[in-house]
Amino acid sequence: MSTPSRYWREIPQRYRKEANRCAPCDLIYFPPRLICPECGNRALEKTVLAEKGSLMTYTIIRVPPSQFKDQAPYAVGIVEMDDGVKLTGQVVDCEFDKMHTGMRLQMEFRKMYDVGHSGIICYGYKFVPEY
Amino acid sequence: MRDVAVIGVGITKWGEIWKQSLRDIYVETALLALEDAGVDRVDSMYVGSMSPGLFVGQEHIGALLSDYLGQKHIPAVRVESACASGGVAVRMGFMEVASGISDAVLVSGIEKMTDVGGDEATYALGSAADQEYEGYHGLTFPGLYALIARAHMEKYGTTREQLAMVAVKNHKNGANNPNAQFPFEVTVEQVINSVKVADPLNILDCSPITDGAAAVVLVPAEKAREMKKPVIKIVGSGFATDSFALAQRKEITWLEATYLAGQRAYGMAGKKPEDLDLLEVHDCFTIAEICVTEALGVVEKGRGGAAVEAGETALEGRIPVNTSGGLKSKGHPVGATGVAQVMEVVKQLRGEAGKRQVKDPRVGMTQNMGGSGASTVCHIFEREA
């Protein structure tokens, strides 16, 4: 089991959606990077992700990793946010047969999984149909 | 740079090998390659292996395996690039012989995956994806390729049946491979009706968990010419990487690292896709073979599924792909896969492929891919006239 620091240091991204942006390229990076892979710029500025986007592709996970056993089957998709950033995340609160590419989604703060009986509870973003 | 040839190849029966340990499987396989090469001592060793640490709790296997192979004191190191570990090990050996540093290099790949249970194996394989931003959301390896599959189906009209036909074709080839883990045929209906794993992929779209190893011996081509066997040269080697997480690629259905590695290998070899007589590619999932054939330019972009349906990539087709049975039927002991691909192409070019022999091939290519496509290594082989 990892120490909680591994979880804790990702909180700015998972709770607050902190990203950064390369102004010359007009590209947003999530998770934030130290260097722009397109132009080499190191002076990236802080920004926050858009909250809404469209579903690009998705799958229904039926054979899950052990920490997700109690959630399966569940949907995971790639969502193109309105600021152009593409994110991987679960799509919830939607019947599988109503799910389709192009559908509008928005982020919500949810529980992801917990680490055993005495371990930490892990949170982050999931996607729900836009409301 | 010197010309490099493959003079020895070895493989053992793949599957769930309960009775043998990592080191025993390795030694048995490596000895077959040394015997085929007619050498008993090599200058150095590369071992492609994705995660002996997670699968058997053993790191530092370069030294372990050189010791047990009776090659103590030689340089020996493990090479890791997820599922491309074996192919990258071949590239390391190629560069070492080409540079003149060594005259005989043993390149092998191995994975002992069944010493852990299914959950732990899934975890180990998942470590090739982005743990913080893919794995954290419950995305699995079949899930990653399922995301590619759905996008490909919606963009190009690739059908569920066409995905299944990749498995059907590869199992048909694998049925004639005595070393394959699953040497039997399957039907489109069986694939589509098999257990769902990650929609739209079912279990028979996925390569299995396998124990196994493969080994090849590389020498300067001038040395190979002294032997009685056909001289099979490595004429091209290309290696490329891409955005690590699938979501961050410019196009989800396009394997840019495979395209670039292919272009680099074609460039070094002075060959074009039309010059190839056969390919061994990384069909870890049925959709992967479709995308790979497109990225390597053997079929038009978007036509990968249609090409399988038309039989273009069948054993008797325009360009046979995965004559060995591929990862799907032969098995996928992760680190061994890239080396076994080389072995299949060498066997084909020598004319030793038995019932699955392609008619008189001269040029063959291998493509070995890591993760959801963030690493790819390609090699082109040619039989000397």
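## Exercises: where chain B meets chain A

Between chain B and chain A, 19 residue pairs are in polar contact (both at pLDDT 80 or more); a polar contact is a pair of N or O atoms within 3.5 Å, where within protein one must be able to donate a hydrogen and the other to accept it, and residues adjacent in sequence count only if both atoms are side-chain atoms. This is a predicted model, in which local features need pLDDT of at least 70, side-chain atom pairs count only at pLDDT 80 or more, and totals for chains, interfaces and linings use all residues. Residues are numbered from 1 along each chain as its sequence is written, chains are lettered from A in the order in which they are written, and side-chain values use heavy atoms, with hydrogens and water left out.

**Exercise 1.** Find how many salt bridges cross the interface of chain B and chain A.

*Solution.* Start with the rule: a side-chain nitrogen of Lys or Arg must lie within 4 Å of a carboxyl oxygen of Asp or Glu. Applied across this interface, the rule finds five salt bridges. Now try a pair yourself: the side chains of Asp119(B) and Lys69(A) form a salt bridge at 2.8 Å, N to O.

**Exercise 2.** Work out which residues Pro31(A) is in contact with, leaving aside its neighbours within four places in sequence.

*Solution.* First, look for heavy atoms within 4.5 Å, which is what contact means. Next, list the partners: Gln13(A), Tyr133(B) and Gln248(B). Finally, apply that contact rule to the two chains: 27 residues of chain B are in contact with 38 residues of chain A.
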